[in-house]
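User: Hello! I would like to learn how to read a few features of a protein model. Could you take me through them?

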Amino acid sequence: MPRNTPTGSWSRYAQELGLNMQRLRIARDFSQEHVAYKAGLSRYTYQKFEKGESMPGTPANPSLRNIMAIAQVLGVTLDELLPEPWPDLHTR
């Protein structure tokens with residue numbers, strides 16, 4: 001079965017998630033390097049998540065493990081980190 005890659009609204013959602021990460025990180029006076037290290041990520045990967053992209057023109061798609069680790073470092077729940085509403089990811 002082919003793997004479906006989220007598109008469309010996913011790009012905007014990834015950007016909003018990155019903005020939430022950045023806002024929460026700054027509110028706690030954490031550096032990107034601090035959050036990345038504590039979450040078990042490279043600083044480069046974390047920076048890409050905050051930008052909402054994995055490569056130029058390609059939206060970020062962090063794993064659940066990475067999102068959970070970042071939420072724990074920032075001291076928030078997944079509900080506080082993830083933007084609402086969630087994008088529609090059903091395949092058409």
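Analyst: Gladly. Let us begin with exposure: a residue is buried under 20% relative accessible area, exposed over 50%, and partly exposed in between, with a 1.4 Å probe and protein chains only. Leu 64 has 58% relative accessibility, so Leu 64 counts as exposed. This is a predicted model, where local features need pLDDT of at least 70 and side-chain atom pairs count only at pLDDT 80 or more, while totals for chains, interfaces and linings use all residues. Residues are numbered from 1 along each chain as its sequence is written, and side-chain values use heavy atoms, leaving out hydrogens and water.

User: Where is Leu 64 placed?

Analyst: Leu 64 is in helix H4. Helices here are DSSP runs (H or I, at least four residues), numbered from the N terminus.

User: How should I read backbone angles and peptide bonds?

Analyst: Most residues other than glycine have a negative phi, and most peptide bonds are trans. Here, Asp 29 has a positive phi, near 60°. Asp 29 is found in the loop between H1 and helix H2 (32–39).

User: Is Asp 29 buried or exposed?

Analyst: Asp 29 counts as exposed, because its relative accessibility is 72%.

User: Which residues does a cis peptide bond join?

Analyst: The cis bond joins Glu 84 and Pro 85, with omega about -10°. As for its place in the chain, Pro 85 is found in the segment after helix H5 (78–81).

Notes: Helices (H or I, at least four residues) and strands (E, at least two) are DSSP runs, numbered from the N terminus.
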